[in-house]
Amino acid sequence: MCSYCGCADLEVVGRFMAEHEHIVNHLSALRDGLEHPDRRRAAAETLAAHLLPHVEAEEAGLFTVMARDEVFTDHISRLCGEHHELDELLARVADGEVDLYPRFEDALREHISREDNGLFPAAAIHLGGQEWDEVERLTPRAGAVRTDR
């Protein structure tokens, strides 16, 4: 988690950065269980249970508001695409394609870095008070999980 610009002091950004750290902390259980199908599946399900609501919250609030500005549209689109790729990679690892694990971990860490060190500081600088109010309104509360997916 970066600490140089102060963006983590914004409630929703601080939450997302803390969730990133929590998600990364779950990688070790998956890594340790790769050769044990039951442990691998359980670790992947636990990781997905943290990753899915996090991704949905980012996309519902901050990404929605930032994507309205053409300066950020392509970048937000790329990040959303990465969310889908991460989901697919995690599912494939869970299903036994353990050789994909390093690719999944690298992609996850790089994605988090792009958000923590790029998007979030840019949001802190670019968005105004009314936009942050909208981000807060649109962002599902922590721990909220959609059931229609």
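## Overall architecture

Of the contacts in the protein between residues at least 6 apart in sequence, 75% join residues at least 24 apart. The structure discussed here is a predicted model. It contains 6 helices and 0 strands, and along the sequence the pattern reads α-α-α-α-α-α.

Buried residues account for 42% of the 149 residues in the protein.

## Packing of helices α3 and α6

Two packed helices are described by the angle between their axes and the distance between the axes. Helix α3 spans residues 37–67 and helix α6 spans residues 129–138; their axes come within 7 Å and cross at roughly 150°. Angles over 145 degrees count as roughly antiparallel, and α3 and α6 are therefore roughly antiparallel to each other.

On the α3 side, the contact is formed by Ala60, Gly61, Leu62, Thr64 and Val65, which meet Glu131, Trp132, Glu134, Val135 and Leu138 of α6. Sorted by class, this contact of α3 with α6 comprises 6 nonpolar, 2 polar and 2 charged residues.

## Thr64 within the helix contact

Thr64 is located in helix α3 and is one of the residues of that helix that meet α6. Is Thr64 buried, exposed or partly exposed? Its relative accessible area is 31%; the partly exposed class lies between the buried limit of 20% and the exposed limit of 50%, so Thr64 is partly exposed.

Leaving aside residues up to four places away in sequence, Thr64 touches Glu59 and Leu138. Leu138 also belongs to the α6 side of the helix contact. Thr64 and Val135 are 71 residues apart in sequence, while their C-alpha atoms are 8.0 Å apart in space.

## Aromatic pairs

A pair of aromatic rings is described by the distance of the centres and the angle of the planes. With ring centres required to lie within 6.5 Å, the count comes to 2 aromatic pairs. One of them is formed by Tyr101 and Phe104, with 6.5 Å centre to centre and 50° between the planes. Planes under 30 degrees apart count as stacked and those over 60 as edge-to-face, the rest being tilted; the pair of Tyr101 and Phe104 is accordingly tilted.

Where in the fold do Tyr101 and Phe104 lie? Both are in helix α5, which covers residues 101–126, and they are 3 residues apart, about one turn of the helix. Tyr101 and Phe104 are both buried.

Notes:
Residues numbered from 1 in each chain as written. Predicted model: local features only at pLDDT ≥ 70, side-chain atom pairs only at ≥ 80, totals over all residues. Heavy atoms only, no water. Phe/Tyr/Trp six-rings, centres within 6.5 Å; stacked < 30°, edge-to-face > 60°. Helix = DSSP H or I, 4+ residues; strand = E, 2+ residues; numbered from the N terminus. Buried < 20%, exposed > 50% of the residue type's maximum accessible area, 1.4 Å probe, protein only. Contact = heavy atoms within 4.5 Å. Axes fitted to C-alpha atoms, helices over the stretch in contact; angles between N-to-C directions. Parallel < 35°, antiparallel > 145°, perpendicular 65-115°, else oblique. Nonpolar A, V, L, I, M, F, W, Y, C, P; charged D, E, K, R; others polar.
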